[in-house]
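This briefing is for a reader who is new to the structure shown below. It starts with the chain as a whole and then goes through its parts by topic.

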Amino acid sequence: MIYENAHDLVLDRLFLRFDELVPDVQVFLKLEGFNPAGSIKLKTAVGLIEDAEKWGLLDSGSGVIESSSGNLGVALASVCAAKGYSFTCVTDPNTAPHNTALMRAFGAEVVRVDRRDANGGFLQSRIDYIQDRLREDPSLVWPNQYANPANPRVHYERTASAVLEELPEVDQLFVGAGTTGTLMGCAEYFRQWSPRTRIVAVDTPGSVTFGFPPGRRHIPGLGTSRRPELCRPEAVDEVVMVPEAEAVRMCRSVARERGIALGGSTGSVLAAVVRKAGEIPPGSSVVALAPDTGERYLSTVYDDAWVEERFGPSVPAPAPSSPRGTDDRPDAGADAGLLLKG
């Protein structure tokens with residue numbers, strides 16, 4: 001297939017089977033990281049920029065500014081480069097160096113805010129910086145991913161619809177909660193088209209999104225230190241809080257045992273599925289969203305020194321598993337399959 005723009009290259013119907021994750025339950029991991037921006041946030045970025053264009057807020061030479069812990073910043077930098085807009089991303093110390101380097105490669109200005117907000121995070125501090133910049137330069141456009149309806153809309157129209165087109169019978173859907181744009185868009189779509197599907201939000205201790213106490217977090221992409229305006233807690237059936245150390249263990253285990261490196265928030269989502277395993281009825285079909293892959297976490301989640309410094313020696317790298325080909329199970333190696341359509 002031939003595309004005109006890099007931001008059109010989104011494989012929206014790519015699923016990896018994880019049938020042995022929960023006994024007698026089909027688990028499908030929706031892989032969102034195989035596009036030029038490397039994450040589900042490419043769809044968000046396109047939706048935000050096209051919405052601003054529709055309202056006449058952007059023209060040739062316009063400047064865009066946004067707050068991001070990483071993935072949306074990379075996606076916006078990519079889209080803005082292709083469309084000819086300058087872009088400034090406001091980040092914080094938890095942003096991976098790989099993401100910062102990618103944004104700069106796309107021509108973006110990257111500003112790092114080090115001052116923690118009242119809840120111990122950086123989100124409000126990043127937003128305060130943006131508001132200062134907007135006062136200095138009113139021509140800048142802030143898409144505001146935390147409050148802009150274009151954020152959940154694109155996931156209603158694309159992400160959620162792609163799930164049901166590929167897998168018409170979904171009993172439970174697990175979605176990580178960051179800005180909650182993906183979560184809210186999926187929840188709205190499933191409430192309309194598959195109301196029996198149970199929507200499970202995945203968050204991490206230290207995040208205040210669903211009313212839990214604030215605390216320090218180390219892995220970007222999941223959780224907030226300020227509830228996003230988009231968030232409607234009543235739209236989900238359940239919230240599962242997964243400690244970051246548990247997410248790290250899951251990421252590293254999957255890498256060793258399945259040969260695929262997952263991002264930190266994906267580790268949280270899969271860990272949430274395992275946590276709820278005893279409550280998932282046998283024969284169920286479960287879908288978990290994987291926002292990105294693990295390449296951007298090689299210096300964090302997959303780095304032994306980084307992990308031990310933050311979580312202690314109790315979060316070791318898993319021991320190498322037995323070679324699939326020598327396992328005693330007659331169906332060894334047949335537990336993960338790839339579904340690709342469209």
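Among contacts in the chain between residues at least 6 apart in sequence, what percentage join residues at least 24 apart? The figure is 71%. The model is a predicted one. Its chain has nine helices and 10 strands, and 57% of the 342 residues count as buried.

**Overall dimensions**

- The C-alpha trace of the chain spans about 65 × 45 × 40 Å along its principal axes.
- A compact globule with 342 residues would have a radius of gyration near 20 Å, and the value for the chain, 20 Å, agrees with that.

**The largest nonpolar core**

- The largest nonpolar core has 39 residues.
- Phe18, Leu21, Val27, Leu29, Phe174, Leu270 and Val273 are the residues with the most contacts inside this core.
- Strands that give two or more residues to the core are β1 (14–17), β2 (26–31), β7 (198–203) and β9 (285–290).
- Helices that do so are α7 (244–258), α8 (264–275) and α9 (304–311).
- Leu270 is in contact with Phe18, Leu21, Leu29, Met250, Val254, Leu262 and Ala288, when its neighbours within four places in sequence are left aside.

**Salt bridges**

- The whole structure contains 26 salt bridges.
- Glu32 and Lys43 form one of them, and their closest N and O atoms are 2.9 Å apart.
- This pair links distant parts of the chain, with Glu32 in the loop between β2 and α1 (41–54) and Lys43 in helix α1, 11 residues apart.
- Glu32 and Lys43 are both buried.
- Another salt bridge joins Glu238 to Arg198, with 3.1 Å between the closest N and O atoms.
- Glu238 belongs to strand β8 (residues 238–241) and Arg198 to strand β7, so the pair ties together parts that are 40 residues apart in sequence.
- Glu238 has a relative accessible area of 16%, so Glu238 is buried.
- Arg198, at 32% relative accessibility, counts as partly exposed.
- Glu279 and Lys276 meet through their side chains in a salt bridge of 3.0 Å, N to O.
- In this pair, Glu279 counts as exposed at 55% relative accessibility, whereas Lys276 counts as buried at 13%.

**Aromatic pairs**

- The whole structure has four aromatic pairs.
- One of them is formed by Tyr189 and Phe190, whose rings are edge-to-face, 6.4 Å centre to centre with 70° between the planes.
- Tyr189 is buried, with a relative accessible area of 13%, and Phe190 counts as buried at 0% relative accessibility.
- Tyr189 also pairs with Trp193, and here the arrangement is tilted, with 6.3 Å centre to centre and 40° between the planes.
- Tyr189 and Trp193 are four residues apart in helix α6 (residues 181–193), so about one helical turn separates them.
- Trp193 has a relative accessible area of 54%, so Trp193 is exposed.
- One aromatic cluster is formed by Tyr156, Tyr189, Phe190 and Trp193.

**The surroundings of Pro291**

- Pro291 is in the loop between β9 and α9.
- With its neighbours within four places in sequence left aside, Pro291 is in contact with Glu32, Gly33, Gly38, Ser39, Ile40, Ser265 and Thr266.
- Glu32, among these contacts of Pro291, is also the salt-bridge partner of Lys43.
- Pro291 and Asn71 are 220 residues apart along the chain, and 9.1 Å separates their C-alpha atoms.

Conventions:
Residues are numbered from 1 along each chain as its sequence is written. This is a predicted model: local features need pLDDT of at least 70, side-chain atom pairs count only at pLDDT 80 or more; totals for chains, interfaces and linings use all residues. Side-chain values use heavy atoms; hydrogens and water are left out. A nonpolar core is a set of buried Ala, Val, Leu, Ile, Met, Phe, Trp, Tyr and Cys residues joined through side-chain atoms within 4.5 Å. Buried means under 20% relative accessible area, exposed over 50%, partly exposed in between (1.4 Å probe, protein chains only). Contact means heavy atoms within 4.5 Å. A salt bridge is a side-chain nitrogen of Lys or Arg within 4 Å of a carboxyl oxygen of Asp or Glu. Rings of Phe, Tyr and Trp (its six-membered ring) pair if their centres lie within 6.5 Å; planes under 30 degrees apart count as stacked, over 60 as edge-to-face and the rest as tilted. The radius of gyration is taken over C-alpha atoms; the globule rule is 2.2 Å times the number of residues to the power 0.38.
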